[in-house]
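Please examine the sequence and the structure shown below. The paragraphs that follow lead through them step by step.

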Amino acid sequence: MKRQRLRAQRQAAPFSRRRRGGPTPADRLQSYLISHVETAKEALRRMRRAPFAMALTLLVIAVTLALPTSFHVLVKNLRMIGGDLEATNEISLYLKPDLSNDAGRRLADKLKNHAQIAETRLVTKEAGIEQLKTYSGFGEALSTLNFNPLPVVIGIRPKDSLARPEQVERLVAELKALPEADLVQSDIQWMHRLHAMLQVAERSFGVLGVLLSAAVVFIIGNTIRLELYGRREEIIVQKLLGATDRFIRRPFLYTGFWFGFLGSIGAWIVVGVMLLIVRAPIQQLNVLYGSDFSLAFLGFQESLLLIGVACFLGIAGAFAVLIQHLRDVRPE
Amino acid sequence: MLEFKEVYKRYPEFGEALRDVSFHIGRGERVFLTGHSGAGKSTLIKLVAVIERATRGEIVLDGQNITRASQREIPYIRRKLGLIFQDYKLLYDRSVFDNVALPLVIAGFNPGEVSRRVRAALGKVGLLSKEKRLPQTLSGGEQQRVGIARAIVHKPDFILADEPTGNLDPEAAREVMDIFRDFNDLGVTLLIASHDEQLISRAGGRVLRLQHGTLSELAA
């Protein structure tokens with residue numbers, strides 16, 4: 001009774017409002033969302049208050065993230081080159097120089113029936129010199145020759161070249177043993193080596209990625225730790241006013257998020273600039289080799305993955321530090 | 001509202017700060033806690049706000065035994081209280097408004113409700129015109145009034161003040177005491193720790209005296 005009377009009394013008081021006590025659930029959800037947005041904005045404002053420190057930290061994060069990312073882009077481009085080569089995985093059989101086009105044609109027809117050969121392609125002496133003139137840039141010099149020094153070449157496309165490398169090697173050995181053969185050149189072994197190397201590179205990319213991700217977690221964690229001690233007083237006051245750990249953690253988690261997010265955007269730009277820098281020399285190589293290879297950058301999904309992983313690392317770094325150090329900051 | 005049952009508090013470094021303290025404060029009461037510095041006034045306040053834990057005994061706040069409260073429950077216990085400190089404990093990089101709004105933001109009120117309640121609280125302590133100021137630009141008395149507005153903005157049933165006038169000149173101290181009395185008249189329970197006997201006798205109310213950690217009640 002007494003309590004009710006007092007409550008009624010207080011309700012009538014000038015500073016009492018329609019409602020006493022805590023907010024309603026709908027209120028709570030709405031203000032929870034608003035407070036998240038506000039906290040995110042506030043975290044960003046706070047970072048901007050120390051622009052130099054923020055820029056330095058972001059640069060370090062961006063470079064750290066750019067390392068594995070550029071490595072990934074490198075491997076990806078090498079894979080594409082590898083893919084291009086795969087399409088032309090021919091064995092070139094150079095015949096002895098004294099053999100004529102006709103002899104070459106006969107041999108090519110004979111080889112076509114070989115169980116392990118899918119296709120043969122005859123390059124006559126004349127066709128050979130034409131190709132050389134077009135692609136090598138020695139056109140002028142070649143036209144001064146009064147005889148054709150090139151041998152007949154048979155291009156051979158083996159069956160299942162990539163699936164069964166040992167079979168291809170046996171075929172190469174067989175071709176070498178032919179009395180007409182002068183030189184047998186196969187890019188297929190090379191392809192296998194490239195694949196093996198790419199596998200090594202990918203594995204290293206994984207290890208490098210894990211290590212540098214850990215570095216990003218540490219960088220962001222350390223930044224958050226400094227911030228935490230800088231805002232010690234504020235945290236103590238919040239705790240005294242009944243703030244939960246979750247409430248106190250939130251702005252720091254957003255700071256971690258922003259460092260991850262902005263750092264990954266920075267890394268994206270760094271990798272982009274790196275590719276722009278090497279693009280011109282690659283184009284020159286293209287002209288020289290007559291190829292149409294173009295550098296691949298990060299795709300849309302890869303970019304999203306980079307940003308997502310970085311945001312996660314930022315939040316994880318902040319969280320790890322908060323779990324460790326928030327307990328030490330308390331009123332006394 | 002608040003009951004201490006044979007409470008002991010022992011600090012490993014300093015020894016016993018409170019010894020066999022028992023008392024009961026009813027709803028709507030106005031109680032002063034007095035005693036020389038180091039007698040255990042602050043320790044007692046800290047036990048109620050669960051800043052410190054009792055070594056022995058039981059403390060019951062609003063029907064809840066807070067001596068056994070878990071770490072997760074502590075914030076919710078503190079939200080029932082209005083805490084006022086000798087050094088105000090304001091955030092100096094935020095405006096008066098934002099300082100007073102903090103308990104409401106923590107409790108998850110929506111912005112409209114926050115500004116209504118903050119303005120009402122600032123009106124109560126006579127600082128409505130200074131809501132945009134930073135705390136440093138205010139006098140000590142005004143800063144403490146901001147502290148009081150922050151302590152009452154979420155309408156707690158129980159206000160705990162630790163030497164609220166300790167840093168104030170006599171006139172500002174009297175103003176602060178008058179504000180406390182107004183709240184008490186509205187039904188808010190008050191526990192004010194102060195060594196200023198003159199101010200206490202002028203304000204009137206129950207007086208608990210601590211001496212070397214032992215509590216005795218003075219006749220009203």
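Is the crossing of H8(A) and H11(A) left-handed or right-handed? Residues are numbered from 1 along each chain as its sequence is written, while chains are lettered from A and ligands numbered from 1 in the order in which they are written.

The crossing of H8(A) and H11(A) is right-handed. A crossing is called right-handed if the near helix is turned clockwise from the far one by less than a right angle, and left-handed if anticlockwise. The axes of helix H8 (residues 188–230) of chain A and H11(A) come within 8 Å and cross at roughly 50°. Here axes are lines fitted to C-alpha atoms, for helices over the stretch in contact, and angles run from 0 to 180 degrees between N-to-C directions.

Two residues are in contact if their C-beta atoms, placed from the backbone, lie within 7 Å. By class, the residues of this contact are twelve nonpolar, five polar and one charged. In this scheme Ala, Val, Leu, Ile, Met, Phe, Trp, Tyr, Cys and Pro count as nonpolar, Asp, Glu, Lys and Arg as charged, and the others, Gly among them, as polar.

Chain A also holds an open sheet of four strands, in the order S2-S3-S1-S4 and with antiparallel pairing. Two strands pair if DSSP finds at least two bridges between them. At the edges are strand S2 (117–123) and strand S4 (181–186) of chain A, each of which pairs on one side only. From one strand to the next, the twist averages 20°. Five bridges link strand S1 (residues 91–95) of chain A to S4(A), and A:Leu95 stands opposite A:Ala181. Helix H4 (residues 101–112) of chain A lies across S1, S2 and strand S3 (153–158) of chain A, and runs at about 170° to S2(A).

In chain B, strand S1 (residues 2–11) is joined by seven antiparallel bridges to strand S2 (residues 15–25), and the two form a hairpin with three residues between them. S1(B) is also joined to strand S4 (residues 56–61) of chain B, by five bridges and again antiparallel. B:Leu2 stands opposite B:Ile25 in S2(B) and opposite B:Leu61 in S4(B).

Where the chains meet, 28 residues of chain A are in contact with 29 residues of chain B. The largest share of the side of chain A, seven residues, comes from H2(A).

How far may the model be trusted? The predictor's confidence in each residue is its pLDDT, from 0 to 100. The mean pLDDT of chain A is 83, and 87% of its residues reach 70 or more. Where pLDDT is low, the predicted coordinates should not be read in detail.

Technical notes: Predicted model: local features only at pLDDT ≥ 70, side-chain atom pairs only at ≥ 80, totals over all residues.
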